Every structure is written in structure tokens, then in C-alpha cells.
Amino acid sequence: MRFHSAPVIRVADAKPMQLGHTIKADGRWRLCAFAGAGHPAEASSPLRKLCDFLSDSADSPIRKFTPADADIDAVFDVRAVFQQGFRELAIETLPALLLPRKGKYGLVDYEKIFCSDLKSGDDIFDMRGIDRQQGCLVVVRPDQHVAQVLPLDAYAELAAFFDGFMLACFSHIK
């Protein structure tokens with residue numbers, strides 16, 4: 001099944017947009033994390049723990065398969081959708097993985113964090129049947145088809161999925 005678009009609000013500038021339209025056909029895998037209940041700034045937040053795993057763990061697909069000289073999102077583009085409104089989220093308190101420094105000048109990419117479009121009535125969590133308590137991680141192939149839907153804490157399953165067909169770079173990304 002294709003990863004169908006739905007309305008969201010980009011948190012950095014409160015701009016309404018279609019989530020699927022923010023994804024370019026550039027050969028990268030997408031990891032779209034839909035946050036569960038609770039505030040994402042808390043250390044116990046499942047989404048924060050997922051971001052910590054992806055950025056720090058030796059088992060992380062990002063760490064294993066991204067070349068050392070590449071940006072952190074060169075192979076895996078991680079995006080997050082929160083249930084809170086954009087006014088309730090302090091962008092500086094969110095996981096650093098969602099605000100990667102990229103390119104020659106290390107500029108922050110603010111276009112990876114979204115929230116539900118609560119004003120329009122088209123809530124992406126309701127439209128896609130996403131459990132509001134648990135949230136989920138949607139793994140989207142480069143051709144924009146859904147490869148897997150996992151719980152936010154399914155680190156071993158996520159790692160095993162990519163270990164099944166990708167070759168490790170044996171280096172750490174910058």
C-alpha cells in the first residue's frame with residue numbers, strides 16, 4: 001500500500017501542508033513516527049526513546065547503513081507527527097534527531113516535525129486509525145510504499161528488517 005498523504009501542520013512555522021507532499025522521491029527510506037500519548041519532551045516519551053535508539057545505538061539502521069561522510073538523514077529520513085497542537089510544542093525540547101544539522105554549513109533542518117491539523121478537523125491519527133496511546137512507526141520504502149508498521153519500541157524488529165537486505169557501512173556518521 002502507498003503511504004497516502006494527509007493534512008498536518010509543520011511545527012516550525014505553523015504551515016498547513018500534506019505530509020505525503022513533503023516526501024521527495026530521492027531514494028531515501030522514511031521512518032515516520034507518530035507519537036503516542038504524553039508529552040514528547042519528557043525523557044520517558046516513547047518517541048524520544050526511539051530517537052535516542054536511532055541516533056545512538058550500534059544496532060540502529062541509521063548508524064549501520066549511513067556512510068561516515070554523509071548527513072545523518074542521507075539514507076533514512078526520520079519525521080515525527082505529534083498529537084499536540086503546534087503552540088503546545090517547544091521545538092527546542094524535541095529530540096535532536098528531528099532537528100538534524102546538515103550540509104556544508106551544518107544548518108538545522110526544521111522540516112521534520114509536524115502535528116495534527118486540529119483546526120481543519122482532518123486529524124491524521126483518526127484518518128489513519130493510529131492508536132493515540134501507543135503511536136506507531138511507519139517504515140516507508142523509497143518508492144513511497146509502506147514496508148512495515150511497528151510499535152515505537154520495536155527496535156529489534158526495525159533493526160532486523162534492515163539487516164535482512166542492507167549492507168553495513170562500518171563507520172559512524174558525522
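Predicted model: local features only at pLDDT ≥ 70, side-chain atom pairs only at ≥ 80, totals over all residues.

Visitor: Which residues touch the most other members of the largest nonpolar core?
Guide: Those are Leu31, Leu54, Phe82 and Leu158, in a core of 34 residues. Strand 3, helix 1, helix 2, strand 4, strand 7, strand 8 and helix 4 each put in at least two residues. Helix 1 gives the most, with five.

Visitor: OK, helix 1 then. Which of its residues are buried?
Guide: Helix 1 covers residues 46-56, and its buried residues are Leu47, Arg48, Leu50, Cys51, Phe53, Leu54 and Ser55.

Visitor: And what do they pack against?
Guide: Strand 3 (29-34), helix 2 (61-65), strand 4 (76-82), strand 8 (136-140) and helix 4 (155-163).

Visitor: Back to Leu158, what does it touch?
Guide: Leaving out residues up to four places away in sequence, Leu158 touches Leu31, Phe53, Leu54, Pro61, Leu137, Val139 and Leu150.

Visitor: Switching topic: what volume does the largest pocket have?
Guide: About 250 Å³. The lining has 13 residues, and Phe3, Arg128, Val138, Val146 and Val149 lie nearest the centre.

Visitor: Which elements each supply at least two residues of that lining?
Guide: Helix 3 (124-128), strand 8 and strand 9 (146-150).

Visitor: How many of the lining residues are nonpolar, and how many charged?
Guide: Nine are nonpolar and two are charged, with two polar ones as well.

Definitions and conventions
Residues numbered from 1 in each chain as written. Heavy atoms only, no water. Buried < 20%, exposed > 50% of the residue type's maximum accessible area, 1.4 Å probe, protein only. Helix = DSSP H or I, 4+ residues; strand = E, 2+ residues; numbered from the N terminus. Contact = heavy atoms within 4.5 Å. 1 Å grid on protein atoms, 1.4 Å probe; cavity = no way out; pocket = protein on both sides within 12 Å on 5 of 7 lines; lining within 4 Å. Points joined across faces, edges and corners; volume = space filled by probe spheres on them. Nonpolar A, V, L, I, M, F, W, Y, C, P; charged D, E, K, R; others polar. Core = buried A, V, L, I, M, F, W, Y, C linked by side-chain atoms within 4.5 Å.
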